[in-house]
Amino acid sequence: MKLVYGIKDRPSFGKNLVFAFQQMIAIMAATLLVPIVVSQTGLKCDPAAALFGAGAGTIVYLLFTRFKSPVFLGSSFTFLGALSAAATQNYGYWGLIIGVGFAGLVYAVIAIVIKIVGSGWIKKLLPHVIIGPILAIIGLSLSGTASSWMMYNGGSEYGLWYILVGLVTFIAIVIASTKGGKTVRLIPFIVGIGAGLVFAILLTCIGLATGYEALQIVDFTPIKECFSPLRFQSFFDCPKFTFVEAIKEGATENLDGVAIGNLAVLFVPIAVVELAQHISDHENLSSIVEKELLEDPGLHNTLLGDGIGSAVGAFFGGCANTTYGESISCVALSKNGSTYTILTTAIMCMVVSFISPFVAIINMIPKCVMGGACIAMYGFISVSGLQMLKDVDLSDHRNLYPAAAILVIGIGGVTLNFGYNAISDTPYVQITALAVAMIVGIVVNYITHSGKDNEADVENEKPDTVVTD
């Protein structure tokens, strides 16, 4: 893909602010949603602090990768179960920080191993026939979120008007990206989300005027709460940083040796699973920027940046971070791979986390608007994975079966659950569908490519065509 701005390029100051704002809007909904979900367990995590932590973690990532990898780190949904379990078991804020610290330690250990022995074994273990379907599943697994937001707007009631708003948002992104002028094509998400929000506000005004509840799509409560009563915090407020809350909390009685071990059990397996997504994201990003990022800056540096950046993010915001597919999609659709823009985005996130009206406006954006935007973002991730299969001969059964296993298991949602937490109604440890699909795919790929081929090379034949009457 031919980029307008390469990794080392610096857009003009004004354009860079616009690009950074677009990146921030793309990653913000998911980044803020994770702490909101964790807060439902009883341990309050401040979304503004999570946004600050994401920005700080991204800067750490950029430093470790020597500003050679243009991607933003946001709150990770993969760790949501572990974070919720740690919260419900009353490990407190220190439990969240320590748990994510274990995950970062796993990344650091793997990075050291790769630095010593090289990353060649990773490519043999995870060829394109594995990475492509995994990347496709990442996008497809997120499609449920986009669809749910479009249909239910973050609530429980289905609405056709929600779907209309989502489609308006998506179509505006498509038009901006394909039919817009030179500048507009670089900021399709700003155009699309802006159009969707304006349309939703217009429908809401009509709904309020006529008393038609189905049209009242926008919830202005965050704005009302921000300015009522009017006070200094209505304009500027310090996020409730996790480490500050942990210090206020003091020593947690439940945080003993057994608890530390349990936190390791909760977070370490998920960190290993995240390795597949980390590699998939960077393979995808490499194809976009036309530079092999796993070679330069190297997988060991991207892992260190991701792991340490995640720990830093949790220190401030209580949530583990990860490389964001939304950010990668934004790089691709805007054709701007500048790490200078990513740095500006990180700083912007840290700054706006102190600005109360901005956080309120972001919380006001209807989920159906973001659902429409996510059609483009998550769809791009899925298509990128499928594109990796274009050079894979799927008529060869040795490639067909690993890819088939990954897609069916991943999309079907086969998980491995261990233990049960009655308080949170979740397993203590869950191996996600993505991880199960990856493991099965690797095993099947090894089986099909090891040993001698069948005498007639039956595995290389195309699948028989089934004829029906």
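1. Asp396 and Arg398 form a salt bridge, their closest N and O atoms being 2.8 Å apart. A salt bridge here is a side-chain nitrogen of Lys or Arg within 4 Å of a carboxyl oxygen of Asp or Glu. Asp396 counts as buried, at 7% relative accessibility. The classes are buried for under 20% relative accessible area, exposed for over 50%, and partly exposed in between, with a 1.4 Å probe and protein chains only.

2. On the basis of the values: this is a predicted model, in which local features need pLDDT of at least 70 and side-chain atom pairs count only at pLDDT 80 or more, while totals for chains, interfaces and linings use all residues. Residues are numbered from 1 along each chain as its sequence is written, and side-chain values use heavy atoms, with hydrogens and water left out.

3. The structure holds five salt bridges. One of them joins the side chains of Lys68 and Asp296, at 2.9 Å from N to O. This pair links distant parts of the chain, 228 residues apart: Lys68 is in the loop between α2 (47-64) and β1 (73-75), and Asp296 is in helix α12 (residues 294-317). Helices (H or I, at least four residues) and strands (E, at least two) are DSSP runs, numbered from the N terminus.

4. Asp296 also meets Lys291 in a salt bridge, at 3.1 Å from N to O. Arg66, Lys68, Lys291 and Asp296 are linked in a network of salt bridges. Side chains of opposite charge can pair when their charged atoms come close.

5. The largest nonpolar core has 107 residues, and those with the most contacts inside it are Phe79, Leu83, Leu126, Phe267, Ile279 and Leu303. Helix α1 (residues 13-39) gives the largest share of this core, 12 residues. A second, separate core has 16 residues, among them Leu3, Ile7, Tyr61 and Val289. A nonpolar core is a set of buried Ala, Val, Leu, Ile, Met, Phe, Trp, Tyr and Cys residues joined through side-chain atoms within 4.5 Å. In soluble globular proteins, nonpolar side chains tend to be buried together.

6. Ile279 is in contact with Ile122, Leu126, Ile131, Leu294 and Leu299, leaving aside neighbours within four places in sequence. Contact means heavy atoms within 4.5 Å.

7. Glu283 lies in helix α11 (residues 257-289). Glu283 is buried, with a relative accessible area of 9%. Not counting residues up to four places away in sequence, Glu283 touches His128, Ile131, Glu292, Leu294 and Met388.

8. Asp391 sits in the loop between α16 (367-387) and α17 (397-412). Asp391 is exposed, its relative accessible area being 68%. The C-alpha atoms of Asp391 and His128 are separated by 8.7 Å, although the two are 263 residues apart along the chain.

9. Helix α8 (residues 188-210) has 23 residues and reaches 33 Å from first C-alpha to last, close to the 33 Å expected at 1.5 Å a residue. The expected span is 1.5 Å times one less than the number of residues in the helix. Buried residues of α8 include Gly192, Ile193, Gly196, Leu197, Ala200 and Leu203. The buried residues of α8 pack against α1, α7 (160-178), α13 (325-334), α15 (356-364) and α16. Gly211 follows α8, and its phi is positive, near 75 degrees.

10. Phe170 is found in helix α7. Phe170 is partly exposed, with a relative accessible area of 24%. Phe170 touches Gly372, Ile375 and Ala376, not counting residues up to four places away in sequence. The C-alpha atoms of Phe170 and His449, 279 residues apart along the chain, are separated by 42 Å.

11. A nonpolar patch on the surface is formed by Leu105, Val109, Ile112, Val113, Ile116, Val117, Trp121 and Leu125, with about 740 Å² of accessible area together. The elements giving two or more residues to the patch are α4 (92-117) and α5 (120-125), and α4 gives the most, with six residues. Patches are made of residues with over 30% relative accessible area and no salt bridge; like charges are joined within 9 Å, and nonpolar side chains (Val, Leu, Ile, Met, Phe, Trp, Tyr) within 5 Å. Accessible areas come from the Shrake-Rupley method with a 1.4 Å probe; for residues, only the protein chains shown count as cover.
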